Amino acid sequence: MAENLLVVWHSRTGTARALAEAAHRGAGEDARLVPAEKAQPSDLLGAGGYLFCCPENLATMSGMMKEMFDRCYYPVLGRIEGRPYATLIAAGSDGTGAQAQIDRIATGWRLRRVADPVIVNMDAQTPEAILAEKTVPENRIEEARELGEAMGEGLRLGIF
């Protein structure tokens with residue numbers, strides 16, 4: 001099994017992209033950053049662990065992230081059990097709906113959560129605020145970077 005971290009992400013307004021990029025930087029040079037629309041079963045099979053990063057839209061994960069799971073689920077089923085994963089969710093007000101969906105899929109794959117969920121709530125409540133490009137507070141960027149660093153190091157050291 002590979003020892004590298006795969007960061008799969010989708011973003012509509014910049015928050016999830018910024019979080020995914022920060023986690024990728026923290027994880028080190030052997031980590032891979034792959035947009036959800038390009039992620040393939042071979043990417044999942046070739047990674048030692050996963051960080052899934054997406055926005056919550058209407059109390060669910062974004063459609064593009066869901067499509068990635070739909071496309072990759074059966075080709076990797078029974079082939080990635082026990083691998084570590086974590087999540088970064090960009091939310092306007094909650095984030096738990098998207099989180100629950102990803103956890104349910106990860107349970108089906110028999111993945112092992114190795115870090116508490118990170119939900120970044122941007123408090124976007126109006127249509128204009130929801131659709132606007134976001135600037136993520138630096139402390140949340142740092143939190144994502146630290147998560148990527150911890151996962152990357154855990155994989156390199158064989159802790160996970």
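In the predicted model, Asp 43 has a relative accessibility of 12% and is therefore classed as buried, the cut-off for this class being under 20%. Asp 43 lies in helix α2, which spans residues 41–45. Apart from neighbours within four places in sequence, the contacts of Asp 43 are Leu 6, Arg 32, Val 34 and Lys 38.

The largest nonpolar core comprises 26 residues. Within this core, the residues with the most contacts are Leu 44, Tyr 50, Phe 52, Met 68, Phe 69 and Trp 109. Two or more residues each are supplied by strands β1 (5–9), β3 (49–57) and β5 (84–91) and by helices α3 (63–76) and α4 (96–109). The most are given by α3, which contributes six residues. For Tyr 50, again leaving aside neighbours within four places in sequence, the contacts are Leu 5, Leu 6, Leu 44, Ile 80, Arg 83, Pro 84, Tyr 85, Ala 86, Leu 111 and Met 151. There is also a second, separate core of 24 residues, with Ala 18, Leu 19, Ala 23 and Ala 90 among them.

Helix packing was examined next. Two packed helices are described by the angle between their axes and by the distance between those axes. For α3 and α4, the axes come within 10 Å and cross at roughly 15 degrees. Because angles under 35 degrees count as roughly parallel, α3 is described as roughly parallel to α4. The crossing of α3 past α4 is left-handed. On the α3 side, the contact is made by Phe 69, Cys 72, Tyr 73 and Val 76, which meet Ile 102, Ile 105, Gly 108 and Trp 109 of α4. By class, this contact consists of seven nonpolar residues and one polar residue, with no charged residues.

A further packed pair is formed by α1 (residues 15–27) and α6 (residues 138–157), with axes 6 Å apart and an angle of about 40 degrees. The two helices, α1 and α6, are therefore oblique to each other, and their crossing is right-handed. The α1 residues in this contact are Ala 18, Leu 19, Ala 22, Ala 23, Arg 25, Gly 26 and Ala 27. Their counterparts in α6 are Arg 140, Ile 141, Ala 144, Arg 145, Gly 148, Glu 149, Gly 152 and Arg 156. The contact of α1 with α6 divides into seven nonpolar, three polar and five charged residues.

How values were computed:
Residues are numbered from 1 along each chain as its sequence is written. This is a predicted model: local features need pLDDT of at least 70, side-chain atom pairs count only at pLDDT 80 or more; totals for chains, interfaces and linings use all residues. Side-chain values use heavy atoms; hydrogens and water are left out. Axes are lines fitted to C-alpha atoms, for helices over the stretch in contact, and angles run from 0 to 180 degrees between N-to-C directions. Helices (H or I, at least four residues) and strands (E, at least two) are DSSP runs, numbered from the N terminus. Angles under 35 degrees count as roughly parallel, over 145 as roughly antiparallel, 65 to 115 as roughly perpendicular and the rest as oblique. A crossing is left-handed if the near helix is turned anticlockwise from the far one by less than a right angle, and right-handed if clockwise. Contact means heavy atoms within 4.5 Å. Ala, Val, Leu, Ile, Met, Phe, Trp, Tyr, Cys and Pro count as nonpolar, Asp, Glu, Lys and Arg as charged, and the others, Gly among them, as polar. A nonpolar core is a set of buried Ala, Val, Leu, Ile, Met, Phe, Trp, Tyr and Cys residues joined through side-chain atoms within 4.5 Å. Buried means under 20% relative accessible area, exposed over 50%, partly exposed in between (1.4 Å probe, protein chains only).
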